[in-house]
Amino acid sequence: MSNKKNTVFLILQDNEDARPIIEAVEQDNPDANIQYQPGMVRMEAAGRLLVNRVTVEENLGREWDVQELHLNLISLAGNIDEDEDKFEISWH
Amino acid sequence: MSIEISAKSITPVRLAYGNLERRFGDKKPASRYQEAVYDIQPTTNFQYRPLWDKNHDIYDVSKTAIVMEDWYSFADPRQYYYGSYTIARAKQQEVAEHNFAFVDKRDLFDAVPEAVKQAVRNILIPLRHVEWAANMNNCQITDECYGSNFSSVGMFNAMDRLGMAQYVTRIGLLLDGNEEATLDAAKQAWMEAPQWQGLRHAIEDMFVLDDWFELMVAQNFVLDGLIFPLLYDRFEKKLTQEGGSTIAMLTEFMDDWYKETVRWTNALAKVTAKESAENQALLSGWVAKWTDRLSVALEPIAIEAFGDDGANELVEVKAELLDRLAKQGVTV
């Protein structure tokens, strides 16, 4: 996280529903820094953070709509590119 | 007055039960699926052997020739435990109920050509007996298997099959305005018509298989892998072209169910075949034995369903099944 300006982050509630998403972020973004804070989980990365629908579905065991992410979303920083298959945060 | 809110982090002493910590480590909280399914079945101190089976303990790994180092190495990719299973099925049931009510309310069957209705009577309705048999077989698997991951997946499957038998029955009742003529005729066909006897014979032989894993292969891998693509998918598409899209509406559950079920049978085939060459040889032997037997048994039904294309359709479905299993490491 040397270049602070470049950092994107995603913060989700720390609960049963968000866990498969957090694990998916961990799997798909090996460089992401994941901090467990009281009641929430903060995922930071330099430049780009990706939530992949397929990975979440594998962890979750059922079909998953990317928009379900918003149910447990607390905050995020970055420009968002969202479609049916992914939720990507980066700075344009 | 100012209020200072400071966040205080309380970390739990442990994140999972001991049995789950030993399996998955103590870094992550256990999922509901893991808590509900792993290590629930007793493994020691069985005291007396059951009167009906003196050679085995009540839970016994030697009830199948398949050998696994750890029977819990199979995990259901759908992660079904009681909660997630009933929620998923309740949603599907709502859709199915709505479809049945819609067909009934709008009298949609009146618009279906008589030839299509007759094809449904001949081919689809006798399948309620096949579904009931599948329920029996999966109850047997639940009874004999080792490990609560297997018994839960077996019981969920058994209940699904009972549900599907009921859907088929309801289609039969709808066809006749709640008279049971179609159901009686289908029972008669199942018991006496020559085209069904090969399948009935094979299924009755499955009832008395000793090895529960062979039953798993015969029923859930092979028989379902042939019948569902052949009749609920290909045959229904043919009916739809001939004006019977109403039927497809009522069997939507079967189609969805099969796509979902393939996920766990694939996972199971993969895990078991990977374990050892002996397991792989056993699986391959059973798959070969039952695909040969059941494809012969299904041929007259395929011919009745598709006419001259019947044999061809069956060969294609069989090739798809063997191809899919080969990808999981079970080559025939």
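**Strands, a helix across them, and a helix pair**

Guide: Strand β4 of chain A has a covered face, formed by Leu49(A) and Val51(A), and an uncovered face, formed by Arg48(A), Leu50(A) and Asn52(A). In a regular strand the side chains alternate between the two faces of the sheet. This is a predicted model, in which local features need pLDDT of at least 70 and side-chain atom pairs count only at pLDDT 80 or more, while totals for chains, interfaces and linings use all residues. Residues are numbered from 1 along each chain as its sequence is written, with chains lettered from A and ligands numbered from 1 in the order in which they are written.

Visitor: In which order do the strands of the open sheet in chain A lie?

Guide: Strands of a sheet pair through backbone hydrogen bonds, either parallel or antiparallel. Here the three strands follow the order β4-β7-β6 in chain A, with antiparallel pairing; strands are DSSP runs of E with at least two residues, and helices are runs of H or I with at least four, numbered from the N terminus. The edges are β4 (48–52) and β6 (79–82) of chain A, each of which pairs on one side only, where pairing requires at least two DSSP bridges. Between β4(A) and β7 (residues 86–90) of chain A there are five bridges, in the antiparallel sense; among the partners in β7(A), Glu88(A) faces Leu50(A) as its bridge partner, and Phe87(A) is the bridge partner of Val51(A).

Visitor: Which helix lies across β4 and β7 of chain A?

Guide: That is helix α2 (residues 53–60) of chain A, which runs at about 50° to β4(A).

Visitor: At what angle do helices α5 and α9 of chain B pack?

Guide: Two packed helices are described by the angle between their axes and the distance between the axes. For α5 (residues 127–144) and α9 (residues 212–241) of chain B, the angle is about 155° and the axes are 10 Å apart, with axes fitted to C-alpha atoms, for helices over the stretch in contact, and angles running from 0 to 180 degrees between N-to-C directions. These two helices, α5(B) and α9(B), are therefore roughly antiparallel, the word used for angles over 145 degrees. Their contact includes Leu127(B), Val130(B) and Ala134(B) of α5(B), and Trp212(B), Leu215(B) and Met216(B) of α9(B), contact meaning C-beta atoms, placed from the backbone, within 7 Å.

Visitor: How many residues of chain A are in contact with chain B?

Guide: Five residues of chain A are in contact with eight of chain B.

Technical notes
Parallel < 35°, antiparallel > 145°, perpendicular 65-115°, else oblique. Contact = placed C-beta atoms within 7 Å. Buried ≥ 20, exposed ≤ 12 C-beta atoms within 10 Å, placed from the backbone.
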